[in-house]
Amino acid sequence: MFNIIFGSALLKWLERLADSDEQSNQTTLPYQAPPEIAQSYNPNQIDLSCYDIAPPKEIVEYFYPRLQRQAMGCQFEIFLAGIGRDQMIFAGEEALEEITRLDAQLSHYRDESDITRLNLHACEQWVRLEPQLYHLIKDCLRISSETEGAFDITAGPLVKIWGFYRGEGRIPTIDEICNTLAKVGFYRIMTDDEDQLIYFATEGMEISLGAVGKGYALDRAATILKMYGAENAVIHGGQSSIYAMGAPPDKMAWELIIKDPRDHETPIEVVYLKDEALSTSGNYEQYFEMNGKRYSHIIDPLTGQPTQGMISVSVIAPTGAESDALSTAFFVLGRERTEEICHTRPDLRVIMLEEDGSDSILVSRFGFNN
Ligand code: AMP
Ligand code: MG
């Protein structure tokens, strides 16, 4: 979980911005956003503690609208920066609409979603998917094979037997784990590129996109923002996935401070993002404790057991879908294998926090120059 902190300098600067806004002679476009969705950033309300925007000099012609929407079980927010306030708000609203649409399409909890339809029928017959969803699933299969199955969209039945779907953690029996493993495996998904069809080779299989959906939604939202002319924005879904588009005025990139999830006062790393995404998987997001042991919601699809010893993995990647999927995969794969993969992927940066058996934590960085 990240938090954004805005400095007091930014507060003063935003007050100046608000003053100057009243006298501004900006061209107003016909679209008027409802006041409740079109706030400016309010430093006192923002809770993404890793995120510290240094105010750009004395520039007052820029606007900083902030929009929010509840979707995919979390709050999505868009922080925009640029000129043409109403146009940016319009673009932001359209991007949020796209996220709402994706929520309805991708959720395995919703009776009407494409994923539910797929899970109901793909064991009996080939199911045709809308092209973008088909390509998302193909991307997921590619990431699964690149991570030796550590990320696997068929892992849902395992997540279920550990009680995470119902929010009540439980330890399944060995038999339950073995029986469930027989229904898990990305290689059991058959695909037909020509007609965008999917078939499940094993009875009882299902897919869920919980480990990639938010990041994917950010990519799609960013595309909509660009389509409507918004160039500089930060979008996040529940703070665990962030996409940084362009840069704030007068800056080269958006600056984020990754903090120790157990102590938000302690910075771990400052990262700069431009047209890149950052996602974090953490053992503190969903877990239960039994006999002094923590069982987290990220399951190794090969063993059927929750991953042990990892606190969080943050991945910076070119797209939200990839950063989201890879943060889950690296959480399962662990330090050594993640480092090896990073050697082959110069476009990735990874920060891994592990328990070291004492009160302190082990921090590893891969893909950073220093
Ligand atoms: P994230 O927070 O993005 O790492 O996603 C974690 C969620 O993805 C969990 O709450 C599960 O619903 C699901 N999940 C758990 N383990 C895996 C896995 N190995 N591969 C894919 N999805 C998983
Ligand atoms: Mg993920």
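Predicted model: local features only at pLDDT ≥ 70, side-chain atom pairs only at ≥ 80, totals over all residues.
Now widen the view. S6 and S8 belong to an open sheet of three strands, with the order S6-S8-S7 and antiparallel pairing.

Helix H4 covers residues 131–146.

The buried residues of H4 are Leu 133, Tyr 134, Leu 136, Ile 137, Cys 140, Ile 143 and Ser 144.

The packing of H4 with H8 can be followed residue by residue. Their axes are 11 Å apart and meet at an angle of about 35°, in a right-handed crossing. On the H4 side, Leu 136, Asp 139, Cys 140 and Ile 143 take part, and they meet Ala 321, Glu 322, Ala 325, Leu 326 and Ala 329 in H8. By class, this contact has seven nonpolar residues, no polar ones and two charged ones.

## Helices H2 and H7

Another helix pair to look at is H2 (residues 85–106) with H7 (residues 213–227), which pack at an angle of about 145° with their axes 8 Å apart. H2 passes H7 in a right-handed crossing. H2 contributes Ala 91, Gly 92, Glu 94, Ala 95, Glu 98, Ile 99, Leu 102 and Leu 106 to the contact, while H7 contributes Gly 213, Ala 217, Arg 220, Ala 221, Ile 224 and Leu 225. These residues divide into nine nonpolar, two polar and three charged.

## A buried strand with two partners

Is strand S16 (residues 310–317) largely enclosed or open? Eight of its eight residues are buried, so the strand is largely enclosed by the rest of the structure.

S16 pairs with strand S13 (residues 276–282) in the antiparallel sense over six bridges, and Leu 278 stands opposite Ile 316 in S16. S16 also pairs with strand S17 (residues 349–355), again antiparallel and over six bridges. Here Val 315 has Val 350 of S17 as its bridge partner. As a rule, side chains in a regular strand alternate between the two faces of the sheet.

## Two residues with positive phi

Most residues other than glycine have a negative phi. Against that background, Glu 148 is worth a look, with a positive phi near 50°. Glu 148 follows H4 and is found in the loop between H4 and helix H5 (156–161). Glu 148 has 15 C-beta neighbours inside 10 Å, so it counts as partly exposed.

Asn 291 also has a positive phi, near 50°. Where does Asn 291 lie? It is in the loop between strand S14 (287–290) and strand S15 (293–296). Is Asn 291 buried or exposed? With 5 other C-beta atoms within 10 Å, Asn 291 is exposed.

Methods: Residues numbered from 1 in each chain as written. Chains lettered and ligands numbered in written order. Axes fitted to C-alpha atoms, helices over the stretch in contact; angles between N-to-C directions. Helix = DSSP H or I, 4+ residues; strand = E, 2+ residues; numbered from the N terminus. Left-handed = near helix turned anticlockwise from the far one by under 90°. Contact = placed C-beta atoms within 7 Å. Nonpolar A, V, L, I, M, F, W, Y, C, P; charged D, E, K, R; others polar. Buried ≥ 20, exposed ≤ 12 C-beta atoms within 10 Å, placed from the backbone. Pairing = 2+ DSSP bridges. Expected span 1.5 Å × (residues − 1).
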